[in-house]
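Thanks for coming, everyone. Let me put the structure up, and then we will walk through it piece by piece.

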Amino acid sequence: MDSGKFGRLAGSAAFILFGTVVSMGLSFGIRVVLARLLGSDGYGVVVLGFTVATLVAIVAKGGLPRGVARELPRHESESESRDVALSGLTLGLCLGTGLGVLLYAFSPLIATRVFDDQRLTFVLQVFSFVVPFIVIRSIAVSIFRGYNRTGERVLLNNFLAPVARFVLIASAVALGYEIGGAAVAWVLGAGITAVAALVLLHRRTGIFVRDGYEPQYWSLLVFSLPLMLSAAIWNVVQQADNVLLGYFSTASVVGQYDIAFTLAKLLLAVITAFGFLFMPIFSELHAENDAEAMNRFYNVTAKWAASLAFPLYLAALLFPETILSTAFGPEYASAGGVLRIISTGFFFHILSGLSGNALVAIGRTRTILFVNLTIVVLNILLNVVLIPAYGIEGAAVASAISYSGLNLLYIRTLRRYDVFPFSFPTLAPLGITGALVLVPWLILRPEVIDGPLGVILFIALTAVIYLPVYVLSGGVQRADVELLVAVENNVGRRFPRMKRLLVTASERGYSR
């Protein structure tokens, strides 16, 4: 694979990783404000309302964002690309508005019959307005993705959206509006971001020119319908735990579970950063029939993401109660088991690589639909069986198993294209470092590793140990050298010592 693609990936990943860290930090701040000021019960009501609205929005946008992002790079003509973009926006707006109206109409029934909580009626009605806003922003970002424009994606998803939500929600709750105010503020933040997305599309792409366009509704739907169904099905996997916990238990339990789940999702920041440009680049490699480059590109992406996330994963695995009580208060420490279980499922998801994006890039949308349908049935059955018996930890086990099963089935299909993520250069450094850090943890935990400072020191110790292990155990590959060159070109600075170290390690046969 040429170094230009590594350069695009490196530059995009670094920029998006920075934006993702900022975005997740602000989203984390929103959760802290809501959890501390509303309590686990009030926070749970808001979470249930947004969960239902998110389910509806996923159905509304379906596979359109992925379909648009895949089709745009394949059209050389500017007018054809514009037709695809406008068709995606039009379809998304119609579906989002229609399903939002339906959610508003059925809010009283959902609140009383499904969750047995009258407070949810107003919250659901408010969140019904967020559905078209979510769809518009998602498709707009996919258009920028298809044009390989990283900056607009980061601006919308990682800065404007979380900043607007944080300022409006914090202000509403601080002024005493509590549950209803938080919901209204959430929707207003989403509306501001959707409008900004349309303005950016007009100024940066010129797709809203007055010339006529040829609708591509049918071609988009043919490709996106399986993704639309699979996206809706997969969102059931992501949200079924909250919904079924709300059905079998209380809003307070939902609040505790969602806090742990939100913390665990911080691990996904790294893989999300690589994912924005992964699909267009992987699609290009597939169009060139370069199987070796596809496997190499896939493996390197998975290895980088797993390496960056590993210290954080170990901290969540070993100190969940400390992390939860420090961030949200002692009320949430009981969800430590949930954080430990969900983090393990998410780390396996990272280690497996961007398998879903890879399947979309090569056009295996029906495979995605079939796999997602299988997993959603498994997930619902596991939740129904495990939640009554084990509560929130049962829901966590169901989610972790579902995420792992989904990735394994995706990878099984990718093997037919000679793509497989679990390579020696990826697994060896992780396994050795994990064994090395567990020893001091078992010895020093009662006396030294205690409280927030102890957790921070543990993360730093893990990173320090991992770096030499990575070099000496076979982690270094030629792709790492190419990545460093790409980073040098992007930042305008040279790192000769690091480059010599990586070149020496790869040439002496450490990598395999």
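**A buried aspartate**

Start with D241. D241 is buried, yet it has no salt bridge, and the nearest side chain of opposite charge, K265, is 10 Å away. Some terms, quickly. Buried means under 20% relative accessible area, exposed means over 50%, and partly exposed is in between, with a 1.4 Å probe and protein chains only. A salt bridge is a side-chain nitrogen of Lys or Arg within 4 Å of a carboxyl oxygen of Asp or Glu. For charge, Lys and Arg count as positive, Asp and Glu as negative, and His and the chain ends are not counted.

Before going on, a word on the model. It is predicted, so local features need pLDDT of at least 70 and side-chain atom pairs count only at pLDDT 80 or more, while totals for chains, interfaces and linings use all residues. Residues are numbered from 1 along each chain as its sequence is written, and side-chain values use heavy atoms, with hydrogens and water left out.

Back to D241. Where is it found? In helix α8, residues 217-248. Helices here are DSSP runs of H or I, at least four residues, and strands are runs of E, at least two, numbered from the N terminus. Which side chain makes a polar contact with the side chain of D241? That of S399, at 2.8 Å. A polar contact is a pair of N or O atoms within 3.5 Å; within protein, one must be able to donate a hydrogen and the other to accept it, and residues adjacent in sequence count only if both atoms are side-chain atoms. Not counting residues up to four places away in sequence, D241 touches Y257, F261, N383, I387, A395 and S399. Contact means heavy atoms within 4.5 Å.

**The whole protein**

Now step back. The protein has 20 helices and 0 strands. Of its 512 residues, 58% are buried. Take the contacts between residues at least 6 apart in sequence: 83% of them join residues at least 24 apart.

**Two helices crossing**

Two packed helices are described by the angle between their axes and the distance between the axes. Our pair is α9, residues 251-265, and α13, residues 336-351. Their axes come within 9 Å and cross at roughly 35°. Axes are lines fitted to C-alpha atoms, for helices over the stretch in contact, and angles run from 0 to 180 degrees between N-to-C directions. The α9 and α13 crossing is right-handed. Who meets whom? On the α9 side, Y257, A260, F261, L263, A264 and K265; on the α13 side, V338, L339, I342, S343 and F346.

**Around α4**

Next, α4. This helix is largely enclosed by the rest of the structure, because 7 of its 8 residues are buried. Those are L120, T121, V123, L124, Q125, V126 and F127.

S128 sits in the loop between α4 (120-127) and α5 (130-146). Its relative accessibility is 4%, so S128 counts as buried. Leaving aside neighbours within four places in sequence, S128 is in contact with G100, L103 and Y104. S128 and V52 are 76 residues apart in sequence, but 9.0 Å apart in space, C-alpha to C-alpha.

D116 has a positive phi, near 55°, and is not a glycine. D116 counts as exposed because its relative accessibility is 68%.

**Salt bridges**

How many salt bridges does the structure hold? There are 2. In one, the side chains of D41 and R119 meet at 2.9 Å, N to O. That pair links distant parts of the chain: D41 is in helix α1 (residues 3-61), R119 is in the loop between α3 and α4, and they are 78 residues apart. D41 is partly exposed, at 33% relative accessible area. R119 is partly exposed too, at 37%.

D117 also forms a salt bridge with R119, the closest N and O atoms being 2.8 Å apart. Shared partners join D41, D117 and R119 into one network. D117 itself is buried, at 14% relative accessibility.

**Last stop**

Finish with N407, in helix α16, residues 392-414. Is N407 buried or exposed? Buried, because its relative accessibility is 0%. Beyond four places in sequence, N407 touches F348, H349, S352, G353 and S355.

Terms used: Left-handed = near helix turned anticlockwise from the far one by under 90°.
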